[in-house]
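Trainee: Please take one part of this model, the sheet, and walk me through it closely, with the cut-offs behind each term.

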Amino acid sequence: MKAQHMTMTDRLEKTLSKPGKLLSIYFTAGYPAVEDTVPIIKKLEEAGADMVEIGLPFSDPLADGPVIQESSTHALRNGMTTRKLFDQIRDIRQQVSLPLVIMGYFNPILQFGVEAFCAACAESGIDGLILPDLPLDVYERDYKEIMEAHGLSVIFLITPQTSDERIRQIDSASTSFIYMVSSASTTGVQSEFGKGRDAYFKRIADLDLKHPQLVGFGISDAASFQRATTYAKGAIIGSGFIRMLTEKGTGGIEAYIKGIL
């Protein structure tokens, strides 16, 4: 593994402990163009994003709404693969210092080989993984040891339907933050937060969990970012950012981020 100025765990901990609210941006690797991955990450850091989630394109993205699904399909048509992603980000730590998390589905990781995938993440300086279809008990039984050995923080999702008991189990198993899904729908389909969602955010805040929460699904502008972070440490924007990339390309990144913050 290449020498890193800061370990993966250190980068996440340092960012999560910063004062103020955090903005994490999700984008699909290989979209709009196959070689846009690294330029997008660099522009996001320069514009003031606190964290980046790199989406690993997959042909059957169950939790993703139409915007992210289309970007994933487009990236695959562009020739994006797991191997190509690791080739692209091999030297990313010479260019950016903000935390980088890969978000994807478990099937491509199984196809790649879990050990090989985790080793490639560590070599590239990836800080964590978000794998929506990897159950907590399967992770703890079969993959925790491998992923922890490579310094990867695995981030789990909770929804309004997740019981307090399950949330506490996830909090106990977590090592960085909890991904708080704002609703039970897919990404990018709701236009605003309702009173029920505020009650859910407050319920989670009242649990006084050990790990901070970042809210995802349905956040696209400054107003929804502020609302989502009333009770949480930060928020994640995906579909709204990808829509902007579709309309304006990578040249629109700085104005978009500054418009959120």
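**The sheet, strand by strand**

Mentor: I130 stands opposite I155 in β5, and this position belongs to the parallel pairing of strand β4 (residues 128-130) with β5, which runs over three bridges. Strands (E, at least two residues) and helices (H or I, at least four) are DSSP runs numbered from the N terminus, and two strands pair if DSSP finds at least two bridges between them. This is a predicted model, in which local features need pLDDT of at least 70 and side-chain atom pairs count only at pLDDT 80 or more, while totals for chains, interfaces and linings use all residues. Residues are numbered from 1 along each chain as its sequence is written, and side-chain values use heavy atoms, with hydrogens and water left out.

The open sheet has nine strands, paired in parallel in the order β5-β4-β3-β2-β1-β9-β8-β7-β6. Because β5 (153-155) and β6 (157-158) stand at the edges with a single partner strand each, one side of each has no neighbour in the sheet. Helix α11 (residues 239-248) packs on the sheet, touching β1 and β9 (234-237), where contact means heavy atoms within 4.5 Å. The direction of α11 makes about 55° with that of β1, taking axes as lines fitted to C-alpha atoms, for helices over the stretch in contact, and angles from 0 to 180 degrees between N-to-C directions.

Within that order, β2 (residues 51-55) can be followed on both sides. With strand β1 (residues 22-28) it pairs in the parallel sense over five bridges, F27 having I54 as its bridge partner; towards strand β3 (residues 100-103), four bridges join the two parallel strands, and there I54 is partnered by I102. β1, helix α2 (residues 37-47) and β2 form a right-handed β-α-β unit, meaning that, with the strands pointing away from the viewer, the path from the first strand over the helix to the second runs clockwise. Five of the five residues of β2 are buried, that is, under 20% relative accessible area, against over 50% for exposed and in between for partly exposed (1.4 Å probe, protein chains only). M51, E53 and G55 point one way from the strand, and V52 and I54 the other.

Further along, Q213 lies in strand β8 (residues 213-216) and is buried as well, with a relative accessible area of 8%. Not counting residues up to four places away in sequence, Q213 touches I178, M180, I204, A232, K233 and G234.
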